[in-house]
Amino acid sequence: MIIKEDRGEQHSSAQVLPRVEMDEEPERAKRWEGGYERTWEVLKEDESGSLKATVEEILFQSKRRRCVEYGHPPTPHTLRCCKPSAFPPPRVIESHGQVRLGMMRHLFVVVDCSRSMEDQDLKPNRLTSTLKVGVITTKNKRAEKLTDLAGNPKKHISALKKAVDSACVGEPSLYNALSLAVQTLKHMPGHTSREVLIILSSLTTCDPANIYDLVKTLKCLKVRVSVIGLSAEVRVCTVLTRETGGSYHVILDESHFKELLMLHVKPPPASSSSECSLIRMGFPQHAVASAMERDARPSFSMSHLDSGAGPGLSLGGYFCPQCHAKYSELPVECKVCGLTLVSAPHLARSFHHLFPLQPFVESPVEELQGSRYLHAHARALCGYSSVTVLVWFQVL
Amino acid sequence: MKLNIEGLLVYFPYDYIYPEQYSYMLELKRTLDAKGHGVLEMPSGTGKTISLLSLIVAYQRAFPLDVTKLIYCSRTVPEIEKVVEELRKLMEFYAKETGEVNNFLALALSSRKNLCIHPEVSALRFGKEVDGKCHSLTASYIRAQRHSNPDQPVCRFYEEFDSVGRQVPLPAGIYNLDDLKDFGRRKGWCPYYLARYSILHANIVVYSYHYLLDPKIADLVSKELAKKSVVVFDEAHNIDNVCIDSMSVNITRRTLDRCQNNVDTLQHTIQRIKDTDAAKLREEYRRLVEGLKEANVARETDVYLANPVLPDEILQEAVPGSIRTAEHFLGFLRRFLEYLKSRLRVQHVVQESAPQFLKDIFEKVCIDRKPLRFCAERLQSLLRTLEIADIADFSAVTLISNFATLVSTYSLGFTIIIEPFDDRTPTIANPVLHFSCMDPSIAIKPVFQRFQSVVITSGTLSPLDIYPKILDFRPVTMASFTMTLARTCLCPLIVGRGNDQVALSSKFETREDFAVIRNYGNLLLEMSAIVPDGIVAFFTSYVYMENIVASWYEQGILENIQRNKLIFIETPDAAETSMALEKYQEACENGRGAILLSVARGKVSEGIDFVHHFGRAVIMFGVPYVYTQSRILKARLEYLRDQFQIRENDFLTFDAMRHAAQCVGRAIRGKTDYGLMIFADKRYARADKRGKLPRWIQEHINDGSLNLTVDETVQLSKHFLRQMAQPFRQEDQLGLSLLTLEQLQSEEMLKRITQIAHQA
């Protein structure tokens with residue numbers, strides 16, 4: 001999948017932000033500051049008054065959820081005590097089946113950094129749990145772009161790490177955040193998806209204008225807005241997501257939050273109205289002009305022309321196979337010839353969304369007699385992965 | 001879908017049905033079969049109206065001779081319109097299923113203000129003005145004068161209706177208020193009179209309580225409705241108060257002054273007529289000698305609904321000689337007026353019964369009981385004879401004469417209280433004579449007597465057995481239905497303590513307590529941070545609300561709340577309140593979030609629904625007891641104790657709890673809706689309070705949600721709100737709280753349905 005995310009443009013720190021009142025070691029936040037957890041309600045005695053069954057069930061479910069989340073095939077021994085029908089399916093599973101997926105996505109993640117983010121019902125607080133993603137922050141009734149659309153996850157993560165320390169104050173503004181996102185997204189080509197994912201903690205929004213007008217604009221521009229609410233269902237988000245075709249979820253707890261976030265990693269089905277289906281792509285090599293070479297001199301990359309930040313001159317970079325414009329990172333659309341430039345791993349990563357693995361069939365360990373079968377199983381798995389690898393290369 | 005309710009084929013216009021609707025129809029059918037009265041409680045938002053309509057319509061079709069008419073009484077105009085729309089849906093379904101055009105006539109009736117299409121009259125703003133103006137255009141002698149004087153303005157719509165409208169009955173169909181107006185415009189007929197005329201032969205009439213309960217209006221409108229009618233009082237939890245209000249009279253100095261003017265005007269008119277047309281007065285005199293024979297005949301033949309202002313005894317006799325001539329009657333009125341004036345000149349509070357009052361009036365001004373009784377009837381006759389155009393001007397004298405009749409007719413059930421000043425402003429003299437009705441059964445008695453089945457229904461009627469007691473009737477069915485839910489979408493929490501363990505209560509002793517007010521503020525503050533969109537908070541009275549809000553302002557709590565949500569306040573002024581409501585809804589709609597501070601028993605608590613995001617939480621600060629120091633209330637309590645063996649405390653608690661239930665019920669208006677119900681007073685945790693909540697709320701209060709602290713409440717609410725925000729689809733409800741026809745017919749389901757109705 002191609003998430004175009006982007007490069008750390010830390011906002012100007014001219015204003016002095018008060019530090020978040022947070023423990024030095026957030027993991028050990030004071031217990032009494034947290035809410036009441038009714039841990040005992042989870043436990044239920046069985047007929048004989050024993051808690052064993054419940055405990056085992058909890059353990060099993062946590063294992064199982066891990067498996068589902070990371071796409072690991074559940075190995076037979078994790079399924080030792082499973083009675084398949086006895087467990088509810090993971091809370092969020094929606095499969096698209098055989099539909100066209102919008103593989104090229106332009107996604108803005110809006111993270112609410114308002115006062116309510118300091119609520120401690122997610123450990124250590126809502127902000128630190130959330131900031132594993134995030135591009136636009138909306139706080140103090142203003143929206144600030146933390147990072148631009150681009151594809152390098154590393155930059156993006158580092159920007160977020162800095163943001164963890166920033167203070168959460170004031171009220172968020174959905175309107176400002178969305179209009180900021182729209183300004184960039186509306187220039188994106190029609191065959192890609194335009195998406196905004198909002199992680200909203202606050203229950204209010206403080207808007208300078210009527211948000212329903214903006215929703216109409218979003219609808220016209222086919223921007224898909226999804227919201228993950230951290231506290232409760234807010235009407236305006238319901239309308240917003242319904243109108244723009246996004247999804248709206250509210251988290252139950254940390255793990256559910258993660259599930260919901262992972263849900264957004266999957267590319268959404270492409271709308272039938274999106275433009276072309278075949279796209280020319282270039283696969284530029286990363287060439288580093290070695291310092292030994294005589295004519296090696298550092299050059300500007302195209303992307304610096306407008307952003308103007310970061311180290312301007314560099315030796316290496318990606319060169320467009322068509323026009324030899326230089327870019328420092330991928331994926332990007334060539335500013336000169338308009339060719340979409342990606343690298344092989346990008347395509348490869350997107351591949352498993354197009355052809356997802358079949359869900360593994362659970363087979364109780366009792367049915368498998370002897371280690372021979374287990375080996376066979378393992379071999380089958382290896383075989384499968386090597387086949388996929390092959391396919392990837394064919395595509396490239 | 002087509003249902004089989006104990007052998008009756010009922011068409012139900014939806015594909016799915018709630019189990020409680022089915023159960024409700026069963027009970028209703030039994031009531032109709034027994035030709036008796038019923039009390040049915042079913043939660044709001046579970047489709048009471050459509051269940052009622054589909055069953056009764058089916059019944060009417062199956063047994064056209066047993067039930068000829070349905071009279072559906074509701075409270076407000078929007079509610080009336082909603083009922084008619086449901087009915088339209090039902091009729092369309094009938095037409096589609098049976099393929100035949102049915103000849104059902106159903107219509108809504110409202111006041112002239114809502115129905116008038118006369119360009120000048122309908123432009124007037126107040127109902128009274130419209131009535132008065134209409135009367136001055138349509139009164140019979142005005143129209144008679146037009147024959148001699150063509151310049152006399154009349155209402156052309158009424159003229160048109162009068163000349164042709166009565167011959168042609170209104171074509172069958174469903175008529176809402178707007179439909180009536182459209183029809184009227186097309187034909188050039190007056191919709192109001194058309195509707196009033198048409199209710200006599202309509203199959204279904206939808207109108208306000210007052211048309212049946214208020215003796216003055218009922219006499220005009222509902223007198224001739226057929227005996228074999230089914231009367232339904234929807235949202236009837238306040239019916240006793242409506243009855244009492246319709247029978248009570250308050251007289252102030254201003255009333256007396258206006259009455260004096262009225263009498264003077266009458267005097268002049270009589271003088272004038274005497275000079276020009278003495279024969280007319282003689283004719284009236286002759287009629288009065290003959291007595292009210294006509295009315296008597298009518299009542300004996302059972303054509304009319306009895307009027308409690310016109311008791312049976314009067315009809316037997318002729319109008320007494322002392323008030324037969326117009327001048328004598330006016331003299332009589334003057335004396336009566338002077339007497340009342342002297343009574344209002346008191347310096348201390350007087351409370352007396354009707355017989356005491358009669359004795360006093362006889363001693364002081366020699367007015368006998370008998371002429372007093374005829375006062376109302378005599379005045380009507382005089383006004384007719386004198387051809388007074390604008391009845392609205394004579395409201396004062398009508399009021400006084402009604403009072404005279406009532407006070408001399410009923411020795412029991414009324415009390416007279418004369419207060420020289422308002423309790424809140426003891427320095428300003430503002431004497432008021434309250435002639436207050438204490439027995440709601442007086443006003444509603446004719447309804448129970450006349451009509452075959454009367455059904456009283458609402459979302460909050462608990463405890464059920466008290467209504468038959470105070471309304472004095474014997475129901476054949478009494479049942480309370482619960483809401484079957486696929487998810488627990490209501491979350492009643494009783495907050496008894498603040499975070500500092502201070503007991504929260506609005507009781508009189510701790511009312512001014514700083515700690516309580518602060519904790520109430522904290523509760524609202526915390527809730528405003530975690531509840532999305534709208535919160536509605538109810539206080540026990542305006543005074544209490546003002547005090548608390550002022551105190552919150554001083555403590556800075558208000559400022560903190562405003563960071564989370566905007567605050568709107570209900571005031572006694574209707575225009576201000578509707579403005580606040582509008583802005584409140586706007587704020588909820590665009591995500592800003594808002595809090596509406598309002599008052600139990602106010603306009604907001606009764607008529608306004610807060611669906612979905614408009615009310616995600618309702619907070620009830622304190623127990624909404626009625627103002628117990630009021631003398632009228634004390635008298636009523638005494639009466640209830642003596643006559644009906646209802647203890648004061650029981651009645652007060654019942655009254656408080658029904659209002660509390662009304663308030664919190666505002667938030668849940670259907671099964672897909674959800675909302676928190678927070679009772680912030682430790683007294684709610686007591687069994688005698690809790691037990692008086694409706695069953696559908698009670699069953700969700702478990703021991704874990706009693707006497708919580710503010711913190712615990714916040715935790716529980718957060719959890720609840722997150723749970724409720726998870727996607728909820730129709731499939732989840734199917735089979736549990738929503739049934740298809742097949743599911744309904746299964747053996748197991750039928751068994752479960754019988755458990756829903758809880759017989760009281």
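This is a predicted model: local features need pLDDT of at least 70, side-chain atom pairs count only at pLDDT 80 or more; totals for chains, interfaces and linings use all residues.
Between chain A and chain B the count is two salt bridges.

On the side of chain A that touches chain B, the elements giving two or more residues are α5 (211-220) and α6 (235-244) of chain A. Helices here are DSSP runs of H or I with at least four residues, strands are E runs of at least two, and both are numbered from the N terminus.

## Contact and buried area

How many residues of chain A are in contact with chain B? It's 26 residues of chain A against 26 residues of chain B, with contact meaning heavy atoms within 4.5 Å. The two chains bury about 2,200 Å² between them, 48% of it on carbon and sulfur atoms; that is accessible area (1.4 Å probe) lost on being put together, summed over both parts.

## The sheet in chain B

Chain B also has an open sheet of six strands, ordered β15-β20-β19-β16-β18-β17, with parallel pairing; strands pair if DSSP finds at least two bridges between them. β15 (490-495) and β17 (566-569) of chain B sit at the edges with a single partner strand each, so one side of each has no neighbour in the sheet.

β17(B) pairs with β18(B) (residues 594-599) in the parallel sense over four bridges. Phe568(B) has Leu596(B) in β18(B) as its bridge partner.

## Ground rules

Residues are numbered from 1 along each chain as its sequence is written, and chains are lettered from A in the order in which they are written. Local features need pLDDT of at least 70 and side-chain atom pairs 80 or more, while totals for chains, interfaces and linings use all residues; side-chain values use heavy atoms, leaving out hydrogens and water.

Note on methods: A salt bridge is a side-chain nitrogen of Lys or Arg within 4 Å of a carboxyl oxygen of Asp or Glu.
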